[in-house]
Protein chains: 2
Amino acid sequence: MKKTLLPLAAFALTLPASAEEAETPPPSPSDIVNAAPQEAWKVIAPEDLLVMTLAPNAAGAEREVIIQLLPAPISQGWVANIRTLARAEWYDGTSVNRVQDNYVVQWGDPNYDNPEAGGKAKPLPKGLKVMGEDDYVASNVQTWLSYDQLENKGFSVPRYGPDNRQDHYAMQVGNTSGWPIAHQSIVSSMTVQIDFGRPRRSWWPVHCYGMVGVGRNYSPDTGSGAELYTVIGHAPRHLDRNIALVGRIIEGMEHLSSLPRGKGALGFYAQDEADKRTPILSIRVASDLLEAERPQFEYLSTKSETFARYAEARANRRDPFFIVPAGGADICNIPVPVRRFEYTDEGDE
Amino acid sequence: MKKTLLPLAAFALTLPASAEEAETPPPSPSDIVNAAPQEAWKVIAPEDLLVMTLAPNAAGAEREVIIQLLPAPISQGWVANIRTLARAEWYDGTSVNRVQDNYVVQWGDPNYDNPEAGGKAKPLPKGLKVMGEDDYVASNVQTWLSYDQLENKGFSVPRYGPDNRQDHYAMQVGNTSGWPIAHQSIVSSMTVQIDFGRPRRSWWPVHCYGMVGVGRNYSPDTGSGAELYTVIGHAPRHLDRNIALVGRIIEGMEHLSSLPRGKGALGFYAQDEADKRTPILSIRVASDLLEAERPQFEYLSTKSETFARYAEARANRRDPFFIVPAGGADICNIPVPVRRFEYTDEGDE
């Protein structure tokens, strides 16, 4: 398969071939990903994986959700808090309390900021960092990256635009280290401060489907990480830079997205439907599990040639079902491929 | 409330006021909609409303879904077929057969184009139109509208773009007659034919969350309307112009979006989970129901001043929760407000 797929996809990059023109049907985005060389896949550190175990469903089936945490420098204060909370087993016995259609699923203490519950909030462990609103974005004085390091910026863009880095919500978008990222370098009273006379660049992760963020109260509260949510509808990009993103769900999303919607304000389960709250049995950091019990995942490097071809194919679908390639795609329609791989102990016979 | 909300919102249109600057908190998008004058609301014709009744859920609760069909000239052949199928009671006894996370829920005959079922397809009624791929778009030789008639095109756009009508998937997007619409008028081998030497404009509805489309097989099949789907995730805009859209779900979306995801190919329910298919008891055209039993809905005119202020507020959230207004929004993040109103019989005592 690889032998036939790779040349075809390379060809597709240079010419807008239609299914009719190609002798073999052009590869779909997943065909391209499936043909990726192993070196294009990057292992996710166990320290960056959370295992959330929900109570079994009505049919008795187990429900496990895997969350990948964001790497430095983004949101690291909240990410550290989430590890602290997991290691204190604080999440154990909390629940999924809010399911708002086409918006978010939120979990944590049912008595936190919940108009419907009205009980007493669960005390938080010691040692949690208090983050500021400036921390919703990373800036280049943290020497994270420059715009030129933003990967594949050419694909999450309109076909017709004079500036093919344009996005509805930011000056530029693309991928960095396997994540969807927005960037801005122009002077804006909202996000850019002058730093020794030079405009300061800022960077932030974007609210795509499945991204995980930190529930908060009104500003200046920025949330601790005890309350978490994930996006279950069209990307609510207006939340970018207004709330902390800390990761994304990479397995088991269906256990959250298919939960019954709440009838209370903001989709919280109302008093008379408290039984709909899904109990959270535990949330663990994968690196704290026995090595043989750790789930292991890898993501497709967004610097890889395969990702570039995958992104181009997402923006210009030529696989047999399609008639008209869009000529572009928004950043949330080019999800970074992530897959599970099995544990093997080299030393074992 | 109206008296305080309207001036504030008008002010918000001209100045990017922050919550701090305004003495009263700026109105949220829903505050603006709630203050709309009655004349800004347009009644949806009963002929354009479908009532889909699903079997009660496990708890015995009734499940009703209301679909609004697209107006002329878009997709009218498929829309006519759907009324024909409903009036033949063809949908009665069919089911929801496919639930693919972050993509679509599909219903109809479980044996249509279903790799998992493998049974015999249900015969279709006589008199169904066969539509062509050209019918996925409307063109201005049908004298529908011109670009200047595209409403509120200024709001579903990037803040930083030189062309503020730009979109990732089309030359221009906006709203027309209460629907999200994309438009293109440049010469493109894909969608524009030369008509007496003038480029022909084309228009098409876009795949936002909750939009309803017509399942089809590979090209040149365009589908009859017997197989329908709705979007339950991030807008799959790459489907625009590749498949027919016929309407949107305006009530009861949660009865579809929260269904268990299918484990089969493409999210179809596999053989061993056929019991997860949700039975469809009936689909009726509202105008065929007794007048007193018809659900009645109205949408906020996308030509109204209220809609313009609502769209601007969606693109620049200034209500208290927000810190940084996005400065733009994509077309699917500005859903057209639709609400139910109650039947009143003028002639009744």
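What follows is a briefing on how the chains relate, how they meet, and which side-chain pairs stand out.

This is a predicted model, in which local features need pLDDT of at least 70, side-chain atom pairs count only at pLDDT 80 or more, and totals for chains, interfaces and linings use all residues. Residues are numbered from 1 along each chain as its sequence is written, chains are lettered from A and ligands numbered from 1 in the order in which they are written, and side-chain values use heavy atoms, leaving out hydrogens and water.

**How the two copies are related**

**Where they meet**

- On chain B, 58 residues are in contact with 58 residues of chain A (contact means heavy atoms within 4.5 Å).
- The copies meet through the same surface, because 100% of the interface residues of chain B are also interface residues in chain A.
- About 5,100 Å² is buried between chain B and chain A, with 59% of it on carbon and sulfur atoms (this is the accessible area, with a 1.4 Å probe, that two parts lose on being put together, summed over both).
- The side of chain B that touches chain A has 29 nonpolar, 17 polar and 12 charged residues (Ala, Val, Leu, Ile, Met, Phe, Trp, Tyr, Cys and Pro count as nonpolar, Asp, Glu, Lys and Arg as charged, and the others, Gly among them, as polar).

**Salt bridges**

- Over all chains there are 28 salt bridges (a side-chain nitrogen of Lys or Arg within 4 Å of a carboxyl oxygen of Asp or Glu), but the count between chain B and chain A is 0.
- One of them joins A:R237 to A:D240, with the closest N and O atoms 2.6 Å apart, and both A:R237 and A:D240 are buried (under 20% relative accessible area with a 1.4 Å probe, protein chains only).
- In chain B, B:D92 forms a salt bridge with B:R284, where the closest N and O atoms are 2.6 Å apart.

**Aromatic rings**

- The whole structure holds 10 aromatic pairs (rings of Phe, Tyr and Trp, the last by its six-membered ring, with centres within 6.5 Å).
- A:W90 and A:Y91 make an edge-to-face pair, 5.5 Å centre to centre with 80 degrees between the planes (edge-to-face means over 60 degrees), and both are buried.
- Ring pairs also link A:Y218, B:F321 and B:F322 into a cluster.

Conventions. Phe/Tyr/Trp six-rings, centres within 6.5 Å; stacked < 30°, edge-to-face > 60°. Buried < 20%, exposed > 50% of the residue type's maximum accessible area, 1.4 Å probe, protein only.
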